[in-house]
Amino acid sequence: MASINTNIKHYPGFLAVTVFCLFLLYAPLLVVMVYSFNDSLSIVKWEGFSLRWYHDVFNGKETAKYKTAAWNSISIAVMAATAATIIATLAALGMNRSAQWRGKSASFALINLPLMVPEIVTAVATLIFFSAIGFKTGYTSILIAHIVFCIPFAYLPISARLQGIESSYEQAAMDLYATRTQAFTKVLMPLMMPGIISGYLLAFIISLDDFIITNFVKGAGIETLPTAIFGAVKQGIKPNIMAISTLMLLVSVLFVCISYMVGRSGSPTSQNSE
Amino acid sequence: MSIAVAVDQLSKHYADVIALNNVSLSINDQEFFTLLGPSGCGKTTLLRVIAGFESVSSGSVHLHGKPIANLPANKRSVNTVFQHYSLFPHMSVADNIKFGMQMKGSTASHIESRCKQMLELVQLGEFANRKPAQLSGGQQQRVALARALAPEPELLLLDEPLSALDLKLRQAMRLELKQIQQETGITFIFVTHDQEEALTMSDRIAVMSNGEVQQIGDAHTIYEQPRNRFVADFIGEINMLDCEVLSSSASTDTQYTVACDITGLAQLTANADQSVTPGTQGSLCIRPERLQLLAADHPDAKLLGTVDQLVYLGTDTQTTVVLNNGIKLLVRSSNNATQHIVAQSGEKIGIGIDTMAARFLDN
Ligand SMILES: Nc1ncnc2c1ncn2[C@@H]1O[C@H](COP(=O)(O)OP(=O)(O)O)[C@@H](O)[C@H]1O
Ligand SMILES: [Mg+2]
């Protein structure tokens with residue numbers, strides 16, 4: 001049938017291109033992960049397996065520096081993701097559960113614009129904004145910037161989920177004497193939860209590994225993990241960087257997996273098998 | 001008999017669509033009342049107005065004498081069985097059933113015993129802890145019914161609740177629904193586009209089209225005495241013969257006998273709800289089962305024609321007869337009738353008419 005001809009597997013060289021792309025994507029990560037276990041100061045010569053660089057990360061000369069940076073990264077990511085998720089949830093409700101209001105489509109564009117604007121532009125603009133209003137750069141300025149750019153990432157899964165929930169569930173709740181608030185807390189919110197959790201985790205990851213914007217708005221004297229790693233790499237790559245990178249990768253992969261699994265669980269419409 | 005629901009001169013407009021136009025009806029306490037009409041005629045809109053999901057453009061709705069048109073849905077003692085059930089997917093069957101009573105603030109002990117009672121009523125006792133997604137369509141339908149009945153509403157609204165079920169289940173559920181309605185004594189407003197469903201279940205039926213009520217009556221009246229051509233055509237099958245009125249006279253206080261001239265064929269009498277001025281153009285309407293196949297030379301044969309097609313339907317045989325002016329008539333004869341004629345296609349045949357069952361409807 002037609003599908004035989006259009007099946008992409010039958011294009012010559014398809015397999016080779018696929019393997020090449022996968023190699024390009026994952027080989028560097030693989031190298032970093034493998035060499036984080038290298039028992040050597042060298043970053044290119046393999047001299048046997050060891051955990052010395054992981055030990056170095058937690059008990060070495062630079063432990064204090066990385067500990068502070070990690071704490072900054074995680075605390076900012078938690079707060080930014082929380083704030084962004086709350087704002088994104090409210091925005092999604094406003095966009096999906098209200099009659100047409102003036103500026104609705106403009107607002108939709110506005111919410112998603114940060115996804116399209118080059119990050120460097122946002123970074124410069126945010127810095128200019130902070131200095132224009134005389135806001136002192138530091139922990140708070142990083143936090144505010146992170147909240148703002150995390151909103152669209154949290155918004156996407158939450159809004160997608162909400163769109164899949166028919167409004168008849170809330171109507172059924174109100175029909176059964178629930179107030180508007182009860183209909184939200186007892187019916188709509190539990191149904192939205194997978195989307196909210198996905199949005200939160202996505203925002204968390206985006207905040208955790210942001211470099212460009214953070215680097216612009218952080219000011220002197222404060223580092224997050226990405227800026228600390230960048231600073232260290234400028235003075236030459238030491239294998240402990242690879243150990244830190246591997247740990248960060250692990251956290252990211254974990255979060256993405258959770259997000260994926262939560263997103264797949266129980267679609268609200270699955271009960272109405274027609 | 002007290003009146004449960006009174007809808008008075010109700011209209012509902014959406015931008016440029018008139019979904020309901022000046023609808024008035026009153027529904028008795030403990031009645032099984034059906035809204036019947038083709039898709040898009042405004043049945044759901046009327047139900048949503050009564051439930052409180054839509055505001056009215058004009059008119060009023062009273063529930064047991066209290067005006068409710070401006071009350072929010074959660075303040076009306078009215079519950080709905082939604083078309084796609086809308087069971088809360090994150091709650092168990094029991095929690096779904098308890099929801100309304102919890103929101104109303106019933107006592108915990110009452111909620112427990114009522115929930116048990118409802119589960120028994122719909123025969124789902126052993127499924128109390130399942131999630132809706134783990135139930136079949138028919139079971140979900142029963143949970144939706146139990147959930148809506150549990151808070152003991154003054155009125156239950158059902159929007160095509162059986163339309164998602166397959167035929168066998170649908171037929172079984174008809175009887176079950178009717179039985180539950182009689183047991184609980186709650187007034188039901190049932191919406192359907194399926195005339196068979198309406199005829200078998202309802203105490204009374206309102207036939208709707210284009211946002212207007214065409215006729216209200218019990219199944220017998222709607223079927224035997226349709227008030228206009230829409231109702232006659234929508235419910236069951238009917239033959240319509242163009243005719244001109246020759247004269248009309250009162251036969252009882254409310255019925256008139258009309259003599260009609262079926263142009264160029266015959267003169268026949270029919271019933272009408274009001275007196276009709278001679279010369280009026282209209283239709284003589286008669287159900288296929290009220291016609292009788294006779295030998296062409298039979299003295300009772302009022303019309304003559306040629307047999308065109310025979311369809312065997314098990315209990316009945318449906319014969320299409322082409323009259324001498326080219327009009328086709330459907331005749332339905334019971335297959336156990338003692339004197340039924342086995343006609344042959346192409347054969348000349350006579351048709352007898354039960355004139356008591358013929359109705360004159362103007363255009
Ligand atoms: N929210 C709405 N906005 C605009 N038109 C609507 C809306 N809801 C229903 N209608 C229109 O009102 C008419 C009646 O619809 P409905 O009550 O759903 O019919 P039914 O249930 O009998 O099939 C239809 O023409 C439909 O298109
Ligand atoms: Mg409908």
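Predicted model: local features only at pLDDT ≥ 70, side-chain atom pairs only at ≥ 80, totals over all residues.
Biologist: Which element gives the largest share of the shell around ligand 1?

Modeller: The shell consists of residues of chain B, among them Tyr14(B), Val17(B), Gly42(B), Lys43(B), Thr44(B) and Thr45(B). Two elements of chain B, strand 2 (17-28) and helix 1 (43-51), each supply at least two residues of this shell. The largest share, three residues, comes from helix 1 of chain B.

Biologist: How many residues of the shell around ligand 1 are charged?

Modeller: The residues surrounding ligand 1 include Pro38(B), Ser39(B), Cys41(B) and Lys43(B). Divided by class, the shell has five nonpolar and five polar residues, and the number of charged residues is one.

Biologist: Which residue has a polar side-chain atom 2.5 Å from an oxygen atom of ligand 1?

Modeller: Gly40(B) places a polar backbone atom 2.6 Å from an oxygen atom of the ligand, and a backbone N or O atom of Gly42(B) lies 3.0 Å from an oxygen atom of ligand 1, but in both of these pairs the protein atom belongs to the backbone. The residue whose polar side-chain atom lies at 2.5 Å is Thr45(B).

Biologist: What percentage of the accessible area of ligand 1 does the protein cover?

Modeller: On its own, ligand 1 has 560 Å² of accessible area.

Biologist: How many charged residues are in the lining of the largest cavity?

Modeller: A search of the whole structure finds one cavity of 30 Å³ or more, and the largest cavity holds about 60 Å³ of space. Its lining includes Tyr223(B), Glu224(B), Cys285(B), Ile286(B) and Arg359(B), and the elements giving two or more residues to that lining are helix 7 (219-224) and strand 14 (281-286) of chain B. By class, the lining has six nonpolar residues and no polar ones, while the charged residues number four.

Biologist: Which element gives the most to the lining of the largest pocket?

Modeller: The largest pocket has a volume of about 490 Å³, and among its 14 lining residues, Arg97(A), Glu170(A), Gln171(A), Met174(A) and Arg180(A) lie nearest its centre. In chain A, helix 8 (168-175) and helix 9 (180-208) each supply at least two residues of the lining. With four residues, the element that gives the most is helix 9 of chain A.

Biologist: How many residues in the lining of the largest pocket are nonpolar?

Modeller: The lining is made up of 14 residues. Three of the lining residues are polar and three are charged, whereas the nonpolar residues number eight.

Key. Residues numbered from 1 in each chain as written. Chains lettered and ligands numbered in written order. Heavy atoms only, no water. Near = heavy atom within 4 Å. Polar contact = N/O pair within 3.5 Å; in protein donor to acceptor, adjacent residues only side chain to side chain. Areas by Shrake-Rupley, 256 points an atom, 1.4 Å probe, with all protein chains shown as cover. Nonpolar A, V, L, I, M, F, W, Y, C, P; charged D, E, K, R; others polar. 1 Å grid on protein atoms, 1.4 Å probe; cavity = no way out; pocket = protein on both sides within 12 Å on 5 of 7 lines; lining within 4 Å. Points joined across faces, edges and corners; volume = space filled by probe spheres on them.
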